[in-house]
Amino acid sequence: MSQAIFVLAGGFNQDGKGEWHSSTFGNPATVGMSGSYVRITAAALLWRSMPDSVVVPSGGRGAADHLLPPNLYLSTIMRRELEVVGVPSSAIIEENQSGNTFSQLKVLVDLVHQYNWTKVTIVSSRFHLPRGQAIVECLKGMESLRSVAEYVSAESVVLAKAPAEWCTAIDATYASDEFKKLIELEAKGVEQLRLGQYQLSPKP
């Protein structure tokens, strides 16, 4: 497989039975932000249009490290959800070593070299994607991604496929105070990256 769909980890919920899931729109996340399940749906839709691609759910334990049971990774949660919506296990490669957006993309550099991918579709939420793109475009060590990466917001994928199903939830979430603050912080991060002032987290 010469191309990959790389799915950045987002927010996650723990339900009453103790099971972990990608967070959905309208429900507060236990860790991170709400609405991250849209990335799973979008990745599955993209895979169906590109079945010769491999799907890479990316994320170690990150901010959920103190909450997750031993040996459970965010990528494992995402993998399970991808399989439920029809992506076969043979088309999935987990990336479970990274803890934040920068380290996810840093690992992606190694994966591109390892698998000789000529195209990588990076999938994230609309509010988050510009910072991921700026990390690739502005930081040293990311040069090999610049010629192979394309950036796709999960919301754009699901809205193109099923607008009636997704539009209300997406609009309501993005109009919330939580997301307005989040969008401001992400925009500030993008500006800092462009100006060379971005402070990387000490944790991977």
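Student: What makes strand E5 count as mostly covered?

Tutor: Five of the six residues of E5 (residues 119-124) are buried, where buried means under 20% relative accessible area, exposed over 50% and partly exposed in between, with a 1.4 Å probe and protein chains only. The model is predicted: local features need pLDDT of at least 70, side-chain atom pairs count only at pLDDT 80 or more, and totals for chains, interfaces and linings use all residues. Residues are numbered from 1 along each chain as its sequence is written, and side-chain values use heavy atoms, without hydrogens and water.

Student: How do you know that E5 pairs with strand E1 and with strand E6?

Tutor: Two strands pair if DSSP finds at least two bridges between them. E1 (residues 3-8) and E5 have five bridges, in the parallel sense, and Ala4 stands opposite Val120 in E5. Five bridges also join E5 to E6 (residues 149-153), again parallel, with Val123 opposite Val152 in E6.

Student: Why is the crossover from E5 to E6 called right-handed?

Tutor: The term applies if, with the strands pointing away from the viewer, the path from the first strand over the helix to the second runs clockwise. The chain goes from E5 through helix H4 (residues 129-138) to E6, and this β-α-β crossover is right-handed. H4 lies across E5 and E6 and runs at about 170° to E6; axes are lines fitted to C-alpha atoms, for helices over the stretch in contact, and angles run from 0 to 180 degrees between N-to-C directions.

Student: What makes E4 and E6 the edges of the sheet?

Tutor: The open sheet has four strands in the order E4-E1-E5-E6, with parallel pairing. E4 (54-58) and E6 each have a single partner strand, so one side of each is left without a neighbour in the sheet. Neighbouring strands are turned by 25° against each other on average, direction ignored. Helix H3 (residues 101-115) packs on this sheet and touches E1, E4 and E5, contact being heavy atoms within 4.5 Å. The direction of H3 makes about 165° with that of E1.

Student: Why is helix H1 described as largely enclosed?

Tutor: Ten of the 13 residues of H1 are buried, so H1 is largely enclosed by the rest of the structure. Among them are Val38, Ile40, Leu45 and Trp47.

Student: How many disulfides are counted?

Tutor: A disulfide is a pair of cysteine sulfur atoms within 2.5 Å, and by this rule the count is zero. Cys138 is partly exposed at a relative accessible area of 30%, and Cys167 is partly exposed at 33%.

Student: What makes Asn71 and Asn116 count as exposed?

Tutor: Asn71, in the loop between E4 and helix H2, has 67% relative accessibility and therefore counts as exposed. Asn116, in the loop between H3 and E5, is exposed with a relative accessible area of 57%. Phi is near 70° in Asn71 and near 55° in Asn116. Most residues other than glycine have a negative phi.

Conventions
Helix = DSSP H or I, 4+ residues; strand = E, 2+ residues; numbered from the N terminus.
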